[in-house]
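Trainee: I am new to this structure. Could you take me through it and say what each term rests on?

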Amino acid sequence: MASESSASALSANEPSVNDSAANESSTNASADRMETLRAKIAAELPNVDFVLAYGRGFDPLHATPVTVRGEKDLDRLIFDPTCVQNLATSLYGLRGKRLGVVVKGCDSRSIVQLLQERLWERENLVIFGLPCEGVLDLAKLRATLDIASARAASFTGSPRDGLLRLTFNDDGGHDGERTREIETKGLLADKCLRCQHPNPLVFDHMIGPETLPQGAQDDYADLAALEKLSTQERFDFWKRQMGRCIRCYACRNACPLCVCKHVCLADSREPHWLSAEATLQEKWLFQVMHALHLAGRCTECGECQRSCPMGIPILLLKRMMNRELKELFNYQAGVSLEAIPPLHTFLMEEDRIKDRGLLW
Amino acid sequence: MRIGVMVCHCGNNIAATVDCEAVAAAAREFPDVVFATDHMYACSDPGQGTIEKTIRELKLDGVVVASCSPRMHEVTFRRAVERAGLNRYMFEMANIREHVAWISLDRKRNTEKAIDLVRMAVEKLRYDRPLTAKSFEVQKRVLIIGAGVAGIQAALDCAEGGLDVVLVERKASIGGVMSKLDKTFPTIDCSVCVLGPKMVDVGQHPRITLHTLSEVEELSGYVGNFEVTIRKKTPYVDWVKCTGCGACLEKCPSRKVPDSHNEGISTTTAITIPFPQAIPKRAAIDPTVCLHFTKGTCGVCKKVCPADAIDYDLKDEVVTEKVGAVIAATGLDLFDHRKCGEYGGGRYPDVITSLQYERMLSASGPTNGHIQRPSDGAEPKTVVFISCVGSRDRSVDRPYCSNFCCMYTAKQAILTRDHIPDSRAYVFYMDIRATGKGYEEFVRRAQEEYEVQYIRGRVAQIYPLYPLAGPEGNQLVVRGADTLLGVQVEIKADLVVLAVGAESAHGAPALAEKLRISYDAYGFFLESHPKLRPVETNTVGVFLAGACQAPKDIPASVAQASAAAGKVLALLSKDKLESDPQIAQVQAMRCIGCGKCERTCPFGAIRMRELRDGAKRAEVVETVCQGCGICSVTCPVRAIQLAHFTDSQLLAEVNALCRTWTETTGS
């Protein structure tokens with residue numbers, strides 16, 4: 001039974017692996033943790049088809065998903081604040097296999113949601129949980145630096161208060177090098193600043209040490225700022241943003257919970273919901289559909305917005321839906337395997353919706 | 001596709017504010033429309049005849065009628081197109097009466113809107129596909145919930161008509177409110193004497209299965225094939241052995257239990273038979289007060305029972321019954337007068353409810369028919385009746401009239417003067433509503449023959465004369481207005497009787513949810529149509545009888561019960577019923593097997609089947625599906641489509657509307 005195995009997984013079958021490291025300032029890039037991660041993955045390799053993990057990408061500031069199929073792949077593993085991808089995104093397309101997957105706290109919520117919606121089977125998944133203190137938002141770094149010319153990057157300390165040391169080629173084009181140190185605090189992704197679940201919520205192996213949430217409770221300040229605008233101003237804002245959409249569907253493809261890509265309404269011709277016309281209405285309608293299909297499901301991993309090549313703030317739409325869900329039903333997606341989403345239940349009287357008057 | 005359009009004038013109902021000829025002319029321009037006309041009454045014989053003739057002559061594939069609400073005549077027109085050889089689902093209706101003509105006088109814009117609606121209907125029809133109904137067997141049994149006079153009458157009528165009846169009653173005995181009444185208006189005949197024989201008939205009828213102390217836990221299924229789960233609460237007495245001799249009642253040591261049959265004005269024992277005429281006449285233990293269950297002591301009843309029927313270890317029983325139809329007859333409860341502070345809010349013992357007074361008047365009641373003040377047992381000489389307590393009163397959220405209080409107040413005033421000839425009776429009233437046969441004459445008799453003082457006005461306050469000493473010390477002062485004389489009045493009363501209004505039975509909304517029927521803000525069940533379908537509900541196969549629908553007196557309840565029984569007998573006279581083909585359909589290719597539809601379906605109409613490769617797919621149980629469409633909107637992949645309301649069909653309508661909008665506004 002999926003529920004039994006998931007229950008045991010939630011009850012932390014492995015205590016924090018590296019107790020000595022817990023006392024030091026924990027960082028996403030601790031060497032001890034990498035050793036533990038490699039050992040754990042090596043031990044599980046015979047039981048799975050392959051393990052989805054992070055490796056170094058095309059430059060020192062980018063990570064890329066790697067599939068670990070044997071001992072030789074273990075050297076490729078990395079885990080540091082550049083590991084921004086949500087590896088759970090790949091899961092739905094790999095149904096039927098038996099997989100291992102490396103997750104951060106936020107990614108684990110996507111897995112919880114997939115399991116809760118019976119879109120994956122718990123017994124076919126080995127989860128390596130990595131507590132995380134934050135990942136970079138490269139857009140923030142890009143704003144001040146030409147990151148493409150960075151030749152090396154290294155992190156010291158926790159991403160919350162540590163440093164990123166970048167090495168560039170010298171301007172003169174000689175072999176000389178120039179380094180620059182930047183506080184990582186200002187580079188963290190927005191979702192990390194309000195992160196309430198830095199430790200994976202579901203896992204088979206917790207590659208410790210566990211950490212504490214850093215963010216204040218999410219006050220939806222971004223939404224509040226938008227809502228301060230008049231209706232017309234907000235309409236104009238969205239017209240401007242949506243007008244830039246190129247309908248590449250990267251947002252859809254990056255979403256771990258967009259599980260019907262193979263029959264997506266955007267591509268359907270019967271019924272013909274969306275036409276191929278590149279009009280504002282068609283672009284906008286798709287984003288609204290996407291947001292509505294994720295109401296009560298979106299875990300705000302932010303992959304849609306991160307993957308958008310046009311930088312459209314589409315996460316706002318999903319956060320809007322989530323705030324409504326929280327206010328109306330006190331529900332948050334992806335934090336409990338047993339929870340029944342409010343939109344999948346029927347109650348005569350919801351606690352926070354009084355529409356029946358004095359009867360009860 | 002060849003589509004015909006008929007625009008109905010509905011006399012002047014539509015034609016007065018819509019240019020029907022213009023609508024028909026516009027419709028001729030729509031794609032696939034080969035014929036469009038207007039007609040004075042599309043639903044009339046000539047109107048239907050024109051539709052049939054046109055279908056045959058022009059070889060139409062589908063028909064649009066723009067007229068009234070489909071709730072009224074969709075069936076009529078579907079039959080008409082079927083007679084002409086079309087599938088009945090190749091028909092669409094545009095409501096240009098309720099949705100257009102009746103809501104605006106602007107003829108030009110009305111006509112434009114009517115054209116839009118017709119265009120939407122035409123576009124949907126282009127995506128319609130023929131659907132065929134399936135037929136299924138029915139259970140020739142009926143469930144009746146509530147065994148008051150309405151439930152009893154419905155049960156007897158159904159049983160006499162040849163149906164098996166499952167009668168469920170929450171209390172230990174059948175009889176309901178009527179069994180508590182002393183006399184009935186306007187004939188002053190003994191209530192339980194006329195009800196008693198019917199109760200006995202219910203108890204003895206071979207076709208009636210009686211479940212008392214029972215409640216409906218769940219109703220699943222659909223018309224013709226409901227399955228009901230009934231929880232039979234245990235009486236801790238083996239009712240097969242119990243003879244109703246009453247030996248246990250005499251010996252039971254806990255004697256301070258408020259007697260609910262007597263509305264709490266007397267006490268009874270923890271093991272009890274509610275009243276002498278109870279059906280079934282069997283003893284039941286109330287475990288909340290019984291010493292054996294509360295303290296673990298006693299056990300007297302078990303010792304004295306000559307039939308050895310007491311068994312403290314009995315457990316609740318859950319039974320399931322299969323039935324073809326359901327009649328809800330859950331009756332009413334009374335307004336709680338403690339909500340009315342001006343009448344003492346329940347603080348004065350000599351301010352009682354009308355039903356408590358009724359028990360007092362009853363010869364089988366706690367006082368053997370003698371009227372006594374609860375405070376000191378003295379015979380009251382001045383009795384004040386206050387009507388409309390919890391009726392027609394917005395301040396306590398009871399704006400409706402409770403229908404029968406005027407009449408029972410007149411009856412109780414007459415009986416007061418009958419029982420105590422030297423007494424005086426006063427009635428404070430707002431209006432006298434005596435509209436039934438012989439009712440007005442009855443109230444006249446109370447006023448003229450029995451000299452009951454009717455004072456038109458509300459009571460502002462009741463307060464005790466206490467602490468004044470003397471014989472008047474226990475009296476209450478009733479202060480109110482006489483609005484006919486325009487003066488304040490104060491009456492020193494020995495006893496005040498509040499004519500409390502009716503409320504829906506406690507728990508009625510919860511039951512309505514189980515039965516999937518609608519109810520109003522006060523918990524009364526909603527009929528399907530206030531005039532033409534007064535005993536049907538919007539859930540096919542569930543009917544209403546008695547005061548669960550609205551406050552009703554006995555004759556009205558009995559009449560509605562017989563009407564509901566007639567409906568059930570007509571429904572179940574057929575061996576097979578046709579299922580509605582407008583149900584959910586799964587496109588297995590799209591289904592991802594997540595099972596959300598299975599979890600959200602309120603009717604249990606979806607199950608998961610396993611393919612050969614182990615993948616799961618949703619499957620609709622056709623006879624169980626009610627076509628509500630919840631699964632369709634739940635499905636993340638849109639793999640479930642509701643037949644006759646598919647995405648394509650709805651989208652066609654929306655697109656038609658938007659296209660018109662774009663054309664007319666040019667944007």
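Mentor: The largest nonpolar core has 89 residues, and B:A154, B:A155, B:V326 and B:I327 have the most contacts inside it. This is a predicted model, in which local features need pLDDT of at least 70 and side-chain atom pairs count only at pLDDT 80 or more, while totals for chains, interfaces and linings use all residues. Residues are numbered from 1 along each chain as its sequence is written, and chains are lettered from A in the order in which they are written.

Trainee: What makes a set of residues a nonpolar core?

Mentor: Its members are buried Ala, Val, Leu, Ile, Met, Phe, Trp, Tyr and Cys residues joined through C-beta atoms within 7 Å. Buried means that 20 or more other C-beta atoms, placed from the backbone, lie within 10 Å of a residue's own.

Trainee: Which helix gives the largest share of this core?

Mentor: Helix α6 (residues 149-160) of chain B, with eight residues. Helices here are DSSP runs of H or I, at least four residues, numbered from the N terminus.

Trainee: Which residues is B:A154 in contact with, leaving aside neighbours within four places in sequence?

Mentor: They are B:I144, B:I327, B:A329, B:A545, B:A561, B:A564 and B:A565. Each pair counts as a contact because the C-beta atoms, placed from the backbone, lie within 7 Å.

Trainee: How many residues of each chain meet the other?

Mentor: By that contact rule, 20 residues of chain B touch 18 residues of chain A. On the chain B side, α14 (508-515), α16 (596-600) and α18 (647-665) each supply at least two residues.

Methods. Contact = placed C-beta atoms within 7 Å. Buried ≥ 20, exposed ≤ 12 C-beta atoms within 10 Å, placed from the backbone.
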